[in-house]
Amino acid sequence: MNAYSTTLAQYLEQHATDALASAITTLATASISISHLLDKGALAGIHGEAGNQNVQGEAQKKLDVISNDLLLSALTHNPHCAGVASEELDEISPANNDGTLLVTFDPLDGSSNIDINMTVGTIFSILPYHRQGQKACEDDFLQAGVNQVAAGYFIYGTSTMLALTLGRGVAMFSFDPSSQAYVLINDKVTINHSTQEYAINASNRRYWLPPVQEYIDGLVAGDTGVRGKDFNTRWVAAMIADVHRILIRGGVFMYPYDTKIAGKAGKLRLMYEANPMSFVIEQAGGASTDAVQRIMDITPTHIHQRVPVVLGAKEEVEYIKALHDKAGILANGDKA
Ligand code: FDP
């Protein structure tokens, strides 16, 4: 017998509208199927490449495709869901014209981790839909992150968990395999404002802007440099796992602007990764920017838009933004 007793269903009954509760329950049910497939691993024939490329030009893993299909089919059958957009699909999928919600998702973030038996997860964002009776189109999705009514992620790690925000803090649930239900383990997740831990892919150093190079040099110099204290790197290389670590024990995560691929300002996608994670991080007391402006204030121009991401401990995020401000960096990475 443990101390936890509130299920996701009970939590949603108390805190969410019927429509939201229904959409989140649909997502949770699909996540349980994905979690079971991951448990079976190679035995379920889910390892390896699917042999296609997604809209982002990345090789799709078999489980990327299976997870995408599971979520898409479940959500398009939900009566409250007017449309769905997936990181894996070129175009949005209209669903039920009378629905009041739009759902975006990254079916399996960090999918290069599947074959090495490391953490992956499903990230989702829920936006309002206002054109009832009409078929949803891509323009309906192009809303700033501040419009999100819920967001979160299911993380498939040593255990399966759900981090959820409905805009009034962040709740953390753990999946109980014996009851097959998500159970509330923390109803007020908070992030420390300061940290000595950071996450970045340092192999991209030569492509970063000077303020990011200067910032990381300061951290590496530790107590011999401008920061006067030692810092530690933690990098799982799956955003979902790096963000989850920050929610649990603090830190700052960066996938900054880089010049590695011409025309791509950052690696992460605004609508499937940056916005939902920003909502979760802000609701836990952290901050999230593209190093110049708040991510949730960005009005998307395209559903597959990419953005630089700097999120986590407030003091650190503000420090990085101040370095960019001092260097006169604009939102597109140019200098003022
Ligand atoms: P992945 O390509 O494995 O799906 O956006 C996807 C992502 O993982 C993030 O989860 C992760 O932070 C990042 O890419 C890692 O990319 P690099 O290894 O290219 O730095």
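How many of the residues of H7 are buried? In this predicted model, 12 of the 14 residues of H7 are buried, so the helix is mostly covered.**Figure 1. Helix H7 and the residues it buries.** Helix H7 spans residues 270-283. Its buried residues are Leu270, Met271, Tyr272, Glu273, Ala274, Asn275, Pro276, Met277, Ser278, Phe279, Val280 and Ile281. The helix is followed by Gly285, which has a positive phi near 95 degrees.

Figure 1. Pro276 is found in helix H7. Pro276 counts as buried because its relative accessibility is 1%, below the 20% limit for a buried residue. Thr104 lies 172 residues from Pro276 in sequence, yet the C-alpha atoms of the two are 9.2 Å apart in space. Thr104 is also the bridge partner, in S5, of Ala85.

**Figure 2. The open sheet of 8 strands.** The strands follow the order S4-S3-S5-S6-S7-S8-S9-S10, and their pairing is mixed. Strand S4 (93-94) and S10 are the edge strands, each pairing on one side only. Strand S3 (residues 81-86) and strand S5 (residues 101-109) are parallel and share 5 bridges. Ala85 is paired with Thr104 of S5.

**Figure 3. Strand S9 and its pairing with S8.** Strand S9 covers residues 170-176 and is mostly covered, with 6 of its 7 residues buried. Strand S8 (residues 160-165) runs antiparallel to S9, and 5 bridges join the two. Leu162 has Phe173 of S9 as its bridge partner. The hairpin of S8 and S9 has 4 residues between the strands, and in this hairpin Gly167 takes a positive phi near 95 degrees.

**Figure 4. Strand S9 and its pairing with S10.** S9 is also joined by 5 bridges to strand S10 (residues 181-186), again in the antiparallel sense. Phe175 stands opposite Tyr182 of S10. Between S9 and S10 the hairpin has 4 residues. Gln180 is found in this loop and has a positive phi of about 60 degrees, although Gln180 is not a glycine. Gln180 is partly exposed because its relative accessible area is 35%, a value between the limits of 20% and 50%.

**Figure 5. Ala237 in the loop between S12 and H6.** Ala237 is found in the loop that links strand S12 (232-233) and helix H6 (239-249). Its phi is near 75 degrees, a positive value in a residue other than glycine. With a relative accessibility of 42%, Ala237 counts as partly exposed.

**Figure 6. Surroundings of the ligand.** The ligand is surrounded by 14 residues, of which Ser112, Asn201, Met239, Tyr255 and Lys267 are the closest. An N or O atom in the side chain of Ser112 lies 2.6 Å from an oxygen atom of the ligand. A polar backbone atom of Met239 is 2.7 Å from an oxygen atom of the ligand. For Gly110, a backbone N or O atom is 3.2 Å from a ligand oxygen atom.

**Figure 7. The second largest pocket.** This pocket has a volume of about 370 Å³. Its lining is made of 20 residues, and those nearest the centre are Leu38, Asp39, Asn117, Tyr156 and Gly157. Helix H2 (residues 18-40) gives the most to the lining, with 4 residues. By type, the lining residues are 9 nonpolar, 10 polar and 1 charged.

**Figure 8. The largest cavity.** The structure holds 1 cavity of 30 Å³ or more. The largest cavity has a volume of about 50 Å³. Its lining consists of Leu209, Tyr257, Asp290, Ala291, Val292, Pro308, His324, Ile329, Leu330, Ala331 and Gly333. These residues divide into 8 nonpolar, 2 polar and 1 charged.

Conventions. Residues are numbered from 1 along each chain as its sequence is written. This is a predicted model: local features need pLDDT of at least 70, side-chain atom pairs count only at pLDDT 80 or more; totals for chains, interfaces and linings use all residues. Side-chain values use heavy atoms; hydrogens and water are left out. On a 1 Å grid over the protein atoms alone, a cavity is a set of points where a 1.4 Å probe fits but cannot get out, and a pocket is an open set with protein on both sides within 12 Å along at least five of seven lines; lining residues have an atom within 4 Å of a point. Grid points are joined across faces, edges and corners, and a volume is the space filled by probe spheres set on the points. Ala, Val, Leu, Ile, Met, Phe, Trp, Tyr, Cys and Pro count as nonpolar, Asp, Glu, Lys and Arg as charged, and the others, Gly among them, as polar. Buried means under 20% relative accessible area, exposed over 50%, partly exposed in between (1.4 Å probe, protein chains only). Two strands pair if DSSP finds at least two bridges between them. A residue is near a molecule or strand if one of its heavy atoms lies within 4 Å of it. A polar contact is a pair of N or O atoms within 3.5 Å; within protein, one must be able to donate a hydrogen and the other to accept it, and residues adjacent in sequence count only if both atoms are side-chain atoms.
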